[in-house]
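Please find below a colleague's note on the structure shown here. The points are numbered and may be read in order.

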Amino acid sequence: AALFAGAALMLPAGGAQAQEELNVYNWGDYINPEVLKKFEEETGIKVNLSVYSSNEEMLAKIRGGATGYDIVFPSVHMHDIMAKLDLLEKTDINQYEGFKNIDPAFLRAKSDPNGEYCLPYAWGSVGIMYNRTLLGKDITGWRDLLETAKAKGVKISLLDDVREVMGVGLMLNGHSVNSTDPEELQQAADTIIEMKPQVAAFTYSNRPMVVSGDVAAAHHFIGAMIDVFAHPDDLGYVIPEEGATMYQEDICVLKTAPNKENAIRFMQFYTQPEIPALNMAQQTNGTANMKARALTPENIKNSEEINPPPETMKRLQIFEDIGEGIRLYDRLWTKVKTAQ
C-alpha cells in the first residue's frame, strides 16, 4: 500500500466529462481491479483510482482541500470522525433495493446507524501471519510468538500504525483497544517497547518479508490469507488467543464529490452479491453482504480465519473515535518508535 500512497489523481477537465467519470480514493491494493473493470463495463463510467495507506493520510488530504475525489473507504471510527467534520454526503443508500442484502450487524458507525450515508464495504481481523518453517510450529498468540521467536533467534515485524500496535499492547494487558486511560496506555507502550528487540521493522509491507523468511512473523490483516493459501505448508495466520482488532471499512461519498450520481451508482452496484463475492475472492476478507458469502470460493467460505466462529468473534475488538485521546497515543507512539 505504501508504494502506491500519494498516487496522483487525474481530475476531470470539464462538466460533461465529469459525468462519465468516478474518482475512487481507497486503501492501496484494497479492491479487486476486476470489480472496477466490471463497473466500467456495465455503466460506461471511467474509474480513476488513487490510494492511501492510512485513515489519517486520507483525512489529511481531504481536509487539506483535495476536492477531486468522489468516494472514500474510511474505517468505522474514521467514518464517525468524518461525519462529525461534516465531510460526508447523505446518499440514502439504505433505501435502495439491494441494501436488503446487508447484514444489519455491520451498521457499526455511531453517526450512521441506519446506513443513510455509507455502505459497509469489507471487514476482517488483524492477527499474526507466520512462517512455520522458521518458527518450527504453529503459534497460538502474541506471547507464544515472542517466546518462540526469542528461542529461535528470529525477528518479527509490526504494522506501522499507532492504534493497531498500541492495541496489541492494550490487549496483552487485558485492556480495551479504545482506552484513553493514561496508565493503561503507558503500560501498553511499555509492553511494545519490551518487544522491540524482536522487532525488525514497523511496516505495512510485511507480507513479502514473511514469505521470503526475512522475518518469522508479521502483524497483519486477514488479507495475508492470499499468501497462506498459496503456501499452505509454510505459512499460517492466527487470530491471537489474547485477542485481536477487527477492521471494517465503509464506502462513503464526499460532500465535495464532483460526480455524486456516479458515486451512488457505484454504491448500488456494490450491493449486488456477485460484486463483493468477486472482491472477496481476491482480497480474502469478509463481507457484510449476506448473499455474497455463499458465492465465494470454497477455500474462503470454509476458512475459520476469514469467517471466525462465534467464540473467536468474541475476542475481536473494533476501534472507536477516541476524540482528543489520540494525542496521548501519538506522544506514546513517538516514544515507542524511538526507544532503543
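**Helix H3 and the chain around it**

1. This is a predicted model, and the note begins with one of its helices. In helix H3 (residues 55–63), the buried residues are Asn55, Met58, Leu59 and Ile62; buried means under 20% relative accessible area, with a 1.4 Å probe and protein chains only. Viewed down the axis of H3, these buried residues fall within an arc of 95°, so they line one face of the helix; the arc is that of the directions from the helix axis to the C-beta atoms. In general, an α-helix has 3.6 residues a turn, so residues three or four places apart point the same way.

2. The cover over the buried residues of H3 includes strand S1 (21–27), strand S2 (46–52), strand S3 (71–72) and helix H4 (76–84), contact meaning heavy atoms within 4.5 Å. Gly65 follows H3 and has a positive phi, near 115°.

3. The structure holds 1 disulfide, a term that here denotes a pair of cysteine sulfur atoms within 2.5 Å. Its partners are Cys118 and Cys252, with sulfur atoms 2.1 Å apart. Cys118 lies in the loop between H4 and strand S4 (119–131) and Cys252 in strand S9 (residues 244–253), so the pair ties together parts that are 134 residues apart in sequence. The link is right-handed, with 120° about the S-S bond, and both Cys118 and Cys252 are buried.

4. The chain has 16 helices and 10 strands; these are DSSP runs numbered from the N terminus, helices being H or I of at least four residues and strands E of at least two. The radius of gyration is 20 Å, close to the 20 Å that the globule rule gives for 340 residues, so the chain is as compact as a globular protein of that length. That radius is taken over C-alpha atoms, and the rule is 2.2 Å times the number of residues to the power 0.38. Of the 340 residues, 55% count as buried.

5. On confidence, the mean pLDDT of the chain is 93, and 94% of its residues reach 70 or more; pLDDT is the predictor's confidence in each residue, from 0 to 100. Over residues 1–19 pLDDT stays under 50, and the model has 34 contacts beyond four places in sequence for them.

6. Residues are numbered from 1 along each chain as its sequence is written, and side-chain values use heavy atoms, with hydrogens and water left out. Local features need pLDDT of at least 70 and side-chain atom pairs count only at pLDDT 80 or more, whereas totals for chains, interfaces and linings use all residues.

Technical notes: Buried < 20%, exposed > 50% of the residue type's maximum accessible area, 1.4 Å probe, protein only.
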